[in-house]
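Me: I am new to this kind of picture and would like to learn how to read it one feature at a time. Could you guide me through it with care?

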Amino acid sequence: MRRDLRLRDNSDFQRVRRVGKSVANTWLVLVQAPNPQGRSRYGFTVSKKLGGAVQRNKLKRRLREHLRLHLQASRLRPGVDVVVIARSAARGADYQTLSRALDDLLARAKLLKRNEE
């Protein structure tokens, strides 16, 4: 994922968690907050409780790749900062399960564009 599309600063993550609205399912939590930049930025959080660095990074890579495919196809609405938080159930989930879980949250948060747009 391109650098300008990522949340990197701790203050940005904290702002999104503080003022954002969240939706959740068994595997993930998605928190979104508007940003004034006109483009969306995305960040991923995986707790150390979910495993070692290898497992955490693998989980983040899977989530990042699925989101990248949506961005490449221009399916996501602009102008929001999004933080995706992995829950403990995500530790054993495969790529397809995580993809469906993330799609579910994006749809419920109304971040996916409609087909006619």
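Me: Where is the place of S74?

Reply: Before turning to that residue, please keep in mind that this is a predicted model. The place of S74 is in the loop between α2 and β4, and this residue has a positive phi of about 55° although it is not a glycine.

Me: Is S74 buried, partly exposed or exposed?

Reply: With a relative accessible area of 48%, S74 is partly exposed, because the range between buried and exposed ends at 50%. K110, which lies in the segment after α3, also has a positive phi, of about 60°, although it is not a glycine; its relative accessibility is 63%, so K110 counts as exposed.

Me: Which residues have the most contacts inside the largest nonpolar core?

Reply: The general idea is that in soluble globular proteins nonpolar side chains tend to be buried together. Here the largest nonpolar core has 24 residues, and those with the most contacts inside it are L28, L30, L59, L63, V84 and L102. At least two residues of this core come from each of β2 (28-34), β3 (41-45), α2 (53-72), β4 (80-86) and α3 (95-108), with the largest share, five residues, coming from α3. Apart from this core lies another, of eight residues, among them V29, A33, V83 and I85.

Me: What is L102 in contact with, leaving aside its neighbours within four places in sequence?

Reply: Once those neighbours are left aside, L102 is in contact with L28, L30, L63, H66, L67 and V84.

Me: At what angle do the axes of α2 and α3 cross?

Reply: Two packed helices are described by the angle between their axes and the distance between the axes. In this model the axes of α2 and α3 come within 10 Å and cross at roughly 55°, which means that α2 is oblique to α3. The crossing in which α2 passes α3 is right-handed. On the α2 side the contact is made by L59, R62, L63, E65, H66, L67, L69 and H70, and on the α3 side by Y95, L98, S99, L102, D103 and L106; these residues divide into eight nonpolar, three polar and three charged.

Me: Is G43 buried or exposed?

Reply: G43, which lies in strand β3, is buried, with a relative accessible area of 3%. Leaving aside its neighbours within four places in sequence, G43 is in contact with L7, F13, V82, V83 and V84, while its C-alpha atom is separated by 9.6 Å from that of D9, 34 residues apart along the chain.

Key
Residues are numbered from 1 along each chain as its sequence is written. This is a predicted model: local features need pLDDT of at least 70, side-chain atom pairs count only at pLDDT 80 or more; totals for chains, interfaces and linings use all residues. Side-chain values use heavy atoms; hydrogens and water are left out. A nonpolar core is a set of buried Ala, Val, Leu, Ile, Met, Phe, Trp, Tyr and Cys residues joined through side-chain atoms within 4.5 Å. Buried means under 20% relative accessible area, exposed over 50%, partly exposed in between (1.4 Å probe, protein chains only). Helices (H or I, at least four residues) and strands (E, at least two) are DSSP runs, numbered from the N terminus. Contact means heavy atoms within 4.5 Å. Axes are lines fitted to C-alpha atoms, for helices over the stretch in contact, and angles run from 0 to 180 degrees between N-to-C directions. Angles under 35 degrees count as roughly parallel, over 145 as roughly antiparallel, 65 to 115 as roughly perpendicular and the rest as oblique. A crossing is left-handed if the near helix is turned anticlockwise from the far one by less than a right angle, and right-handed if clockwise. Ala, Val, Leu, Ile, Met, Phe, Trp, Tyr, Cys and Pro count as nonpolar, Asp, Glu, Lys and Arg as charged, and the others, Gly among them, as polar.
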